[in-house]
Amino acid sequence: MNKSISFYDTPSPPGLKGIWAWLLTHDHKRLGLMYMWAILFWFVLAMFLGLLLRFELMSQGRTIMGPEAYNSLFTLHGVIMIFLFVIPAIPAIFGNFFLPIQLGTDDVFFPRLNLFSWYLFMFGGLFALISLFSGRDFPIPAGRFMSPSVWRSIPMSV
Ligand code: HEM
């Protein structure tokens, strides 16, 4: 019997292999794992920023950066930890991986939207990161996205 292939029979569009099969997947389990690695990546990066902050506070006065750079890194460390690690970790990883299994469904309701959401998550994080290099005083002080125009008159904007 000639059985037609259902959307849910393959984890990615048919014919894709390797990295592309992962980057274009609509499978909830794969997306759960992709969220896990992505969140781990942001966590390690924010931990590194936290260590830079600690180095700066190691001794009195300026150690490795000035006050403006400290404030920017402090803000980015907090933003990444909270918005890209603490908040999404459980719903994005466990929600994607286990919920459809527990409910006995093939996938989440909008699988492609689920993939799109992963890209929004990653590009949102990258935008926050490059904000460090887009301020008036390139490269570090005053990330542009954290710098409403009303703050432009003061030297530090975090
Ligand atoms: C789950 C969330 C967070 C984790 C796991 C975390 C982790 C860390 C780590 C490992 C360090 C460096 C180690 C140390 O100083 O002993 C650090 C330093 C720091 N973090 Fe976080 N952090 C988190 C959230 C935040 C938030 C939300 C803020 C503020 C908005 C923040 C502000 C700071 C500051 C100012 C430092 C440097 C101060 C110091 O080293 O004494 N952190 N963080």
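Here is a tour of the helices, their contacts and the ligand.

**Before you click**

You're looking at a predicted model, where local features need pLDDT of at least 70, side-chain atom pairs count only at pLDDT 80 or more, and totals for chains, interfaces and linings use all residues. Residue numbers start from 1 along each chain as its sequence is written.

**Stop 1: α2 and α3**

Select residues 28-56 for helix α2 and residues 67-103 for helix α3. Helices here are DSSP runs (H or I, at least four residues), strands are E runs of at least two, and both are numbered from the N terminus. The two axes come within 8 Å and cross at roughly 160°; axes are lines fitted to C-alpha atoms, for helices over the stretch in contact, with angles from 0 to 180 degrees between N-to-C directions. That makes α2 roughly antiparallel to α3 (over 145 degrees counts as roughly antiparallel, under 35 as roughly parallel, 65 to 115 as roughly perpendicular and the rest as oblique). Their contact has 25 nonpolar, five polar and two charged residues (Ala, Val, Leu, Ile, Met, Phe, Trp, Tyr, Cys and Pro count as nonpolar, Asp, Glu, Lys and Arg as charged, and the others, Gly among them, as polar).

**Stop 2: bring in α4**

To see where they touch, show Leu-76, Val-79, Ile-80, Leu-84 and Pro-88 in α3, which meet Phe-121, Gly-125 and Ala-128 in α4; contact means C-beta atoms, placed from the backbone, within 7 Å. By class, that contact has seven nonpolar, one polar and no charged residues.

Next, how do α2 and α4 run, parallel or antiparallel? Their axes come within 11 Å and cross at roughly 10°, and they are therefore roughly parallel to each other. Among the α2 residues that meet α4 are His-28, Tyr-35 and Trp-42, while the α4 side includes Asn-114, Trp-118 and Met-122. This contact has ten nonpolar, three polar and no charged residues.

**Stop 3: the ligand**

Zoom in on the ligand. Of the 13 residues around the ligand, Gly-50, Leu-53, Arg-54, Gly-78 and Met-81 come nearest (near means a C-beta atom, placed from the backbone, within 6 Å). The elements giving two or more residues to this shell are α2 and α3, and α3 gives the most, with seven. By class, the shell has nine nonpolar, three polar and one charged residues.

Definitions and conventions: Contact = placed C-beta atoms within 7 Å.
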